[in-house]
Amino acid sequence: MITAIIMMFVVGAVLGLILGIASNVFKVEVDERVEKVTAMLPGYNCGSCGFAGCSGMAEAMVAGEVATASACKPSKPDARTKIVEYLTTTPGPDGNTINIKA
């Protein structure tokens with residue numbers, strides 16, 4: 001009985017170690033610009049830009065799929081200029097900035 005309990009602890013420790021190593025080896029770096037641009041958008045999730053909510057729009061802006069910040073119709077002009085300034089001046093994990101227009 002005691003050997004079964006000890007074996008379960010050993011197996012759990014080994015699997016935990018394997019999962020810990022795998023989480024470091026296979027981690028995906030998240031681009032923090034997506035979260036910041038999502039926070040700058042109005043947050044209505046209206047879909048008028050053609051994307052599924054503001055987070056989809058932010059991901060498309062950071063990926064360079066959207067050429068202008070005016071695709072978000074409910075956003076105010078000053079918010080658009082802040083988004084453009086942020087994306088054109090802040091490099092991503094790859095070191096590149098996004099060329100986007102207001």
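Predicted model: local features only at pLDDT ≥ 70, side-chain atom pairs only at ≥ 80, totals over all residues.
1. The backbone oxygen of C72 lies 2.9 Å from a polar atom of the S75 side chain.

2. Where is S75? It sits in the loop between α3 (54-63) and α4 (77-89). S75 is buried, with a relative accessible area of 7%. The cut-off for buried is under 20%, so the label holds for S75 at 7%.

3. Contacts of S75 come next. Leaving out residues up to four places away in sequence, S75 touches P42, A69 and R80.

4. C72 is in none either, and its nearest cysteine sulfur, that of C54, is 5.7 Å away. A disulfide needs two cysteine sulfur atoms within 2.5 Å. C72 therefore forms none, with the nearest such sulfur at 5.7 Å.

5. Is C72 buried or exposed? C72 counts as buried, at 6% relative accessibility. C46 is partly exposed, with a relative accessible area of 49%. The cut-off for exposed is over 50%, so C46 at 49% stays in the partly exposed class.

6. Last, the record. An unreviewed UniProt entry carries the annotation "domain: 4Fe-4S" for residues 29-89. In the model, that span is 52% helix and 0% strand. The end C-alpha atoms of residues 29-89 lie 20 Å apart.

Key: Residues numbered from 1 in each chain as written. Heavy atoms only, no water. UniProt positions renumbered as here; feature names shortened; annotations may be inferred. Helix = DSSP H or I, 4+ residues; strand = E, 2+ residues; numbered from the N terminus. Buried < 20%, exposed > 50% of the residue type's maximum accessible area, 1.4 Å probe, protein only. Polar contact = N/O pair within 3.5 Å; in protein donor to acceptor, adjacent residues only side chain to side chain. Contact = heavy atoms within 4.5 Å.
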